[in-house]
Every structure is written in structure tokens, then in C-alpha cells.
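Subject: Structure handover

Hello,

Here is the structure I promised you. Please open it and keep it on screen while you read my notes.

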Amino acid sequence: MGLRLLGDPPANPAEGVRVGAGPQGPVRLLPLPKISDPRGNLTFIESGRHVPFECRRVYYLYDVPGGEGRGGHAHRELQQLVVASSGSFDVAVDDGTRTRVFSLNRSYTGLYIPSMVWRELANFSSGSVALVLASEHYSEADYYRDYDEFARDARVVA
Ligand code: TYD
């Protein structure tokens, strides 16, 4: 599947643009606790405290081959927190009107993505892991996999 937002020409990072205008607030970076220790660092995430939703599912993307992208969809209800728990990758987000690219490379910073936001993940570094917390169990019915359908509905909601 071709990526719309992170393809060629490169998307404008649009620093400071608010993407996501619904009641859950915009796409945003959330700081996570970090317990520094000479033996190694520790980060934890508590439902409803460090993420603004109850976590019902965790999944992770790993062994992503160079040049491959993930995502390419939006969700009707699902909220997510995406963390680069290892390595780095870019997340392009689009609420049907505005687009922004976030580069994730810290285990103690999560990207909160509210519902009704199209997302594309790309530029995975070798060995990177995208850890994702989700507010709902997996449901294919919650997905928009067609960008035009998503954009039409997103503009009605906005
Ligand atoms: P998809 O969400 O399209 O992957 P990504 O956004 O990371 O590119 O999911 C890929 C496949 O995995 C699809 O067939 C649905 C399945 N899947 C599950 O069964 N459970 C899950 O929790 C997730 C995220 C995906």
C-alpha cells in the first residue's frame, strides 16, 4: 500500500499544527515517567493516568523491513498511544484537513492519536519497535482503510 503522507515529495513537518479537532483534543506528544538507573532506565504507562484512555490492547510492530510503511488507515472510535520503544520512525497524521509529521525516537515519549485521524508510519530504523496501546479490542469494523471515505466523514464531523 502506498503511503500518501510520507511519500515523495516529503510531507511538510508543519511544526505546531493542531491535527484532530474533536473532543479528545489534538494529536500530541505525551511525556511518560522515566526511572533512570545505572542498571538501565524504566518507563511505565498507567491507563487513564499517563494516557487519556483505558488500555484494552497492546501490540507492537517490529522487524519492519527497510523502506516499508505501516498504518495507512484511521479509526472511528479507537484511541492509541504510539511509542518508539526502540529505534526511531516517523508518524504522519491527518485529520482530513491538516497534516503533521512526528518523528519518534524516545522510549519515554508517546504520541497520542485520537479517533478520526489517518496515520502512516514510515522510515523505521533498523531494529526499531513501535509499541502501541489501544483503547479497544481489535475490530476491523472500526477501521477506515479508504482515505477518501475517511476524509469525507472527517470533514462532516469537524
Ligand atoms: P493493521 O492494523 O492494518 O496494521 P498496521 O496498522 O500496523 O499497518 O493490521 C494488520 C493485520 O493484523 C490485519 O490483518 C489485522 C491484524 N490485526 C489483528 O488481528 N489484531 C490487532 O490488534 C492488530 C493491530 C492487527
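Where is the place of Met116? Met116 sits in the loop between β7 (109-113) and β8. Strands here are DSSP runs (E, at least two residues), and helices are runs of H or I with at least four residues, both numbered from the N terminus.

A word on the source. The model is predicted, so to speak of local features we need pLDDT of at least 70, side-chain atom pairs count only at pLDDT 80 or more, and totals for chains, interfaces and linings use all residues. Residues are numbered from 1 along each chain as its sequence is written, and side-chain values use heavy atoms, with hydrogens and water left out.

Backbone

Met116 is not a glycine, yet its phi is positive, about 60 degrees. Most residues other than glycine have a negative phi. Met116 is also buried, at 14% relative accessible area. Buried means under 20%, exposed means over 50%, and partly exposed is in between (1.4 Å probe, protein chains only). Asn123 is another non-glycine residue with a positive phi, near 60 degrees. Asn123 lies in the loop between β8 and β9 (129-134).

Sheet

An open sheet is built from 5 strands, in the order β6-β5-β8-β3-β10, with antiparallel pairing. Its edge strands are β6 (99-104) and β10 (143-144), and each pairs on one side only. Two strands pair if DSSP finds at least two bridges between them. Antiparallel β3 and β8 (residues 118-122) are joined by 3 bridges. Arg70 has Leu121 of β8 as its bridge partner.

Ligand

Arg70 also belongs to the ligand shell. The residues around the ligand are Arg57, Tyr59, Leu61, Arg70, Gly71, His73, Tyr138, Tyr143 and Arg145. The shell divides into 4 nonpolar, 2 polar and 3 charged residues. Ala, Val, Leu, Ile, Met, Phe, Trp, Tyr, Cys and Pro count as nonpolar, Asp, Glu, Lys and Arg as charged, and the others, Gly among them, as polar.

Taken alone, the ligand exposes 530 Å², and the protein buries 62% of that. Those areas come from the Shrake-Rupley method with a 1.4 Å probe. β2 (57-61) and β3 (70-75) are the elements that give two or more residues to the shell.

Salt bridges

The count is 6 salt bridges. The rule is a side-chain nitrogen of Lys or Arg within 4 Å of a carboxyl oxygen of Asp or Glu.

- Asp37 and Arg39 meet at 2.8 Å, N to O. Asp37 is partly exposed at 24%, and Arg39 is exposed at 76%.
- Glu46 and Arg49 have their closest N and O atoms 2.9 Å apart. Glu46 is partly exposed at 31%, and Arg49 is exposed at 65%.
- Glu149 and Arg76 meet at 3.3 Å, N to O. This pair links distant parts of the chain, 73 residues apart: Glu149 is in helix α1 (residues 147-157), and Arg76 is in the loop between β3 and β4 (80-86). Glu149 is partly exposed at 29%, and Arg76 is partly exposed at 29%.

Best wishes

Notes:
A residue is near a molecule or strand if one of its heavy atoms lies within 4 Å of it.
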